[in-house]
Each structure stands twice: as structure tokens, then as C-alpha cells.
Amino acid sequence: MASDIIAGDVLAPVQEVDTPGFDTRALQALDSAHYLHPFTDHGALRDRGARVMVRGDGVYLWDSEGRKVIDGMSGLWCVNVGYGRASMTQAVARQMDTLPFYNSFFNTTNVPAVMLAARLVDLAPPGFRHVFFTGSGSEANDTIVRMVWRYWQLMGQPQRQAIVSRHNAYHGSTIAGASLGGMAGMHAQGALPIPGIHHIEQPNFAEHGRGMSEAEFGLRAAGWLEEKILELGPENVAAFIGEPVQGAGGVIIPPPTYWPEIQRICDKYGVLLVSDEVICGFGRLGTWFGSQLMGARPDLIAFAKGVTSGYVPLGGVLVGARVAHVLVEKGGDFNHGFTYSGHPVACAAALENLRIMVDEKLVERVALETGPHLKTAFGSLASHPLVGHAESMGMAAGLNLVRRKGATVHDCEAFPRELAVGMVCRAHMFDNGVIMRAVGDRMIVAPPLVMTTAQIDEMVERIRYCLDLTLDDVQSRGWME
Ligand code: PXG
């Protein structure tokens with residue numbers, strides 16, 4: 001079935017570019033001998049051998065065996081301006097030549113950090129005039145927890161320590177980040193979440209919205225926050241944190257009624273609203289920040305990834321007027337910070353990345369051209385026999401692999417979880433020139449924002465072809481009804 005789907009030259013052979021000079025087996029052996037990877041079952045990896053990525057250009061990557069893949073995941077939701085941008089290399093090299101590092105402690109600063117803070121304030125929603133830099137998204141969320149607690153201490157309400165988050169949220173992998181996140185598998189591996197962090201159900205219409213319209217469900221899901229605030233006592237609740245669209249959780253797009261109602265509830269109880277924009281910031285949804293699209297006015301914004309397009313690690317927190325006023329005017333020393341807060345090379349990379357984004361109008365392109373194109377192209381996969389439903393927003397999209405399609409998202413029959421059909425599908429994608437991420441049986445993409453409409457078509461046709469391979473595969477394993 002799979003082979004007759006390939007249309008014209010859209011699917012060029014994957015063995016396209018020879019990349020000599022790498023001894024893949026030797027690299028894999030060293031890798032499995034010494035390198036502990038993030039979120040990885042090393043026993044399984046040893047048997048398979050890691051794929052060694054060696055080069056990137058635009059939206060394509062090459063591995064050590066010369067196989068070319070189209071990167072549907074922007075590295076890991078971050079390489080928004082694409083690979084191989086010479087001006088990024090030059091900006092970083094220039095800064096390394098001039099001043100590779102200096103700290104921002106002890107009344108010192110550096111030029112790129114100052115310029116970037118000012119630039120980010122220009123791009124941020126109204127009311128944000130301050131930035132705290134970190135090295136990653138996890139550190140940004142740790143910073144937020146400490147800032148929120150310090151804020152309420154300075155406000156004379158130190159008992160306000162509870163922070164409400166959602167199940168299936170991802171906020172990082174440090175102790176605070178993993179606690180804020182709602183990933184059961186992370187909590188299960190040791191004493192998490194830390195005290196004071198509470199989780200409500202996620203606004204996942206397909207999973208929890210049966211019998212309701214999407215609009216009704218959005219209000220209902222936001223109502224879970226109000227119930228939790230009342231249960232904890234509003235006088236004890238410090239903040240609510242959420243990703244505008246849950247990324248690692250599977251591109252879960254909330255109904256349009258959700259975020260405005262969350263905002264109303266936070267306002268009603270004086271609870272700080274935190275938007276984790278590590279994925280949704282910097283154009284992913286077709287706006288500079290995802291909360292702008294969602295109708296929320298956060299007090300704090302976490303960012304990372306797209307701020308440098310992943311070329312150099314950088315994260316941070318945009319601090320809105322309400323918190324900044326108290327921290328800056330009344331706070332004295334805030335005993336928090338990292339060696340690499342405001343790292344000059346990372347900030348220089350971010351400045352160049354933002355210049356590219358503005359010059360190439362990447363945010364506008366996502367809003368007006370590539371995002372709508374992805375919606376149509378990716379949406380067409382919903383007709384595939386293995387796909388229950390497919391959704392997208394901006395340059396993020398997800399589809400559910402199902403055993404039996406239904407008239408609505410609530411009538412599809414899922415595969416038994418233990419079959420891990422998503423992993424079967426991901427392996428076909430990986431082997432056939434497209435990188436797609438599996439979250440259970442939800443297959444997701446978040447391509448570089450520079451991906452053209454023709455490249456989106458190429459990616460989607462590859463995905464369709466691999467869905468055919470997956471269908472053949474699960475049928476031959478006897479997993480379909
Ligand atoms: N917040 C959000 C919303 C994220 O997506 C982080 C915080 C943490 O950022 P750092 O830079 O500390 O990793 C993230 C990271 C996946 C995946 O599998 C997603 C992330 C990280 C690793 C894997 O989709 N997002």
C-alpha cells in the first residue's frame with residue numbers, strides 16, 4: 001500500500017547526500033559506553049544504537065550515514081530560523097572574540113545582555129519592562145517559583161505559596177520545573193512534586209470534553225482552577241502557571257474560551273498568572289508570545305528555546321509591572337541568579353536571531369502564510385484511516401493514531417496503550433526522512449518557522465507515506481480490529 005502513495009519527486013530518496021568521514025559504529029559504541037542521554041532507556045538505546053546527527057541546513061538534517069531528514073520538530077521546538085545561518089555564526093564568533101564571558105553579579109553588566117533586555121521589552125506585551133536571564137527553560141521556571149514566593153513575602157502575605165499547574169504540562173526537568181510539570185512519569189521517579197505545587201486537569205477537549213461544546217468545555221476546564229483555589233483557600237494561592245498551548249504534552253490546543261476565563265479567575269482572587277512560553281514564545285503560534293493570541297495578560301513569562309533558535313542555550317523570565325515594581329522598588333537583594341545569567345555570547349546569538357526574525361517577517365509569515373498552510377496540509381491527514389483527528393495552531397500540529405475512526409473526537413477508539421503504536425509510527429518516520437515526535441499515540445510536529453509552503457507539503461507527504469507504512473505494520477501485527 002505504501003509505495004503507490006509516493007507522488008512525483010516530492011519524496012526524494014532519503015539516501016541523498018553522502019556524508020563521509022564518520023565511523024557510525026564507533027561513535028555509537030562510544031555513545032552507549034559513556035553518554036547518558038536525557039529521557040532515555042539506555043538498555044534499549046544500546047541495542048539500537050543512537051542516530052548520529054552531523055549537519056543541518058535550513059529545515060534539513062543529515063546523519064553520519066548520509067541520510068537526509070526534514071526536521072519536523074525544529075531540533076526540539078527551538079531552531080526557528082533553521083540550521084546553518086551564517087550570520088548567527090558570525091554574531092557568536094564576534095562576541096567570543098570581544099568578550100566571551102563576564103558575569104552580571106557585583107554591579108557589572110555586558111553590552112549584549114543590556115541590548116537584549118531592551119529588545120525583549122520592545123517585543124513583549126505591554127507592561128513588561130524587565131527581564132531576568134537564565135540558561136534554560138527549566139531555570140526560567142525555577143526562577144519564577146522563587147520570584148513568586150519572594151513577591152508574596154514582600155507583599156506581606158508569605159502564606160501565599162501554593163502554585164497551581166496542570167496535569168500533562170511540561171515546565172522542565174529541574175526539581176521545581178518537574179514539580180510544576182504534570183508528567184506522572186517524572187513525579188513517580190522520586191518525591192515530586194515538592195510541597196505547595198498542585199495540579200488540575202488539562203484543557204484537553206478530546207480527552208475530557210465529551211458531551212460538551214468546545215466553548216462550554218473551555219469554561220469548565222478553567223473552572224477547575226477556581227475550584228482548586230477555593231479548596232486551597234484563595235489567601236494561600238500564589239500563582240497559576242500554564243503553557244498557552246501544551247507542547248510536550250502533545251500540542252494540546254485549549255478552546256478559545258479557556259484562557260480568558262483563567263485570566264478572570266486569577267484577577268478575581270489576586271493570583272499571579274504565569275505563561276510558560278518556552279515553546280509558544282517567539283512566533284510559534286504566529287504571535288511573538290502565545291498568551292497574546294489566547295487573550296491572557298500574564299504577570300510573568302518564561303522563555304527559552306526560540307529566543308536563540310537553540311544556537312546557544314538561553315532562557316529567561318519577562319517580569320511584568322506588578323511583580324517588577326515590588327521586587328525592584330521594595331525588594332532589596334533578590335538572592336537568586338546563575339553564573340550564566342546574561343551570558344554575552346548567548347545574548348549576542350539572541351539579538352541576531354531576533355534580527356533575522358524581524359527582517360524575514362517570520363512571525364507574520366506564520367500568522368498569514370505558513371501557519372494556515374500547515375493547517376490545511378496537516379489537516380488533510382485526518383482522512384487517513386489511522387488518524388482520528390488532527391489539529392494545528394501556527395507552526396505546531398498534532399494528530400491522534402486510532403484503531404477505529406469515529407464521527408467526533410470522542411467516538412474514536414484508541415489503541416491499547418501497551419502497544420505503543422506512536423513509537424512504531426515514529427520509527428517509520430525516522431527511517432523515512434521525517435522527524436516527528438510521538439506523545440503516546442499522538443504524533444506531533446513543530447517545524448522551523450522558516451519552513452516554506454513547498455517544504456510543508458513535502459513534510460506532510462512524507463508523514464502520509466509513513467502513516468501508510470504504520471497502517472501496514474499494525475495490520476500485519478493484527479492490531480487493527
Ligand atoms: N517549559 C516548556 C513549556 C518546555 O517545553 C521547558 C519549560 C524546559 O526547558 P529546558 O530548556 O530546560 O529544556 C520546556 C522544554 C519534548 C521536550 O519531548 C520538550 C521540552 C524539553 C525536552 C523535551 O517535547 N521542552
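How many nonpolar, polar and charged residues does the shell around the ligand have? In this predicted model, the count by class comes to 6 nonpolar, 6 polar and 4 charged.

**Around the ligand**

Altogether, 16 residues surround the ligand, and the closest are Trp77, Gly137, Ser138, Asp276 and Arg437. Where does the ligand sit relative to the two domains? Domain 1 is made of 51–81 plus 362–476, and domain 2 runs over 88–359. Both of them give residues to the shell, so the ligand lies between them.

Here are some N or O pairs that link protein and ligand.

| Residue | Protein atom | Ligand atom | Distance |
|---|---|---|---|
| Tryptophan 77 | polar side-chain atom | oxygen | 2.8 Å |
| Tyrosine 170 | polar backbone atom | nitrogen | 3.5 Å |
| Aspartate 276 | polar side-chain atom | nitrogen | 2.7 Å |

On its own, the ligand has 540 Å² of accessible area, and the protein covers 84% of that. As for secondary structure, two or more shell residues come from each of helix H3 (74–77) and helix H6 (137–154). H6 gives the most, with 3 residues.

Now for a look at another site. The second largest pocket has a volume of about 860 Å³. Its lining holds 27 residues, and those closest to the centre of the pocket are Ser104, Val131, Phe132, Phe133 and His336.

Which elements each supply at least two residues of this lining? They are helix H5 (111–123), strand S4 (128–134) and helix H13 (321–330). S4 makes the largest share, 4 residues. Sorted by class, the lining of the second largest pocket has 15 nonpolar residues, 11 polar ones and 1 charged one.

**Two backbone spots to check**

Leucine 192 and proline 193 are joined by a cis peptide bond, with omega at about 0 degrees. Proline 193 belongs to the loop that runs between helix H8 (184–187) and strand S6 (197–200).

The other spot is phenylalanine 39, whose phi is near 45 degrees. That is a positive value, and the residue is not a glycine. You'll find phenylalanine 39 in the loop between helix H1 (24–34) and helix H2 (42–48).

Conventions. Residues numbered from 1 in each chain as written. Predicted model: local features only at pLDDT ≥ 70, side-chain atom pairs only at ≥ 80, totals over all residues. Heavy atoms only, no water. Near = heavy atom within 4 Å. Polar contact = N/O pair within 3.5 Å; in protein donor to acceptor, adjacent residues only side chain to side chain. Areas by Shrake-Rupley, 256 points an atom, 1.4 Å probe, with all protein chains shown as cover. Nonpolar A, V, L, I, M, F, W, Y, C, P; charged D, E, K, R; others polar. Domains from an automatic or database assignment. 1 Å grid on protein atoms, 1.4 Å probe; cavity = no way out; pocket = protein on both sides within 12 Å on 5 of 7 lines; lining within 4 Å. Points joined across faces, edges and corners; volume = space filled by probe spheres on them.
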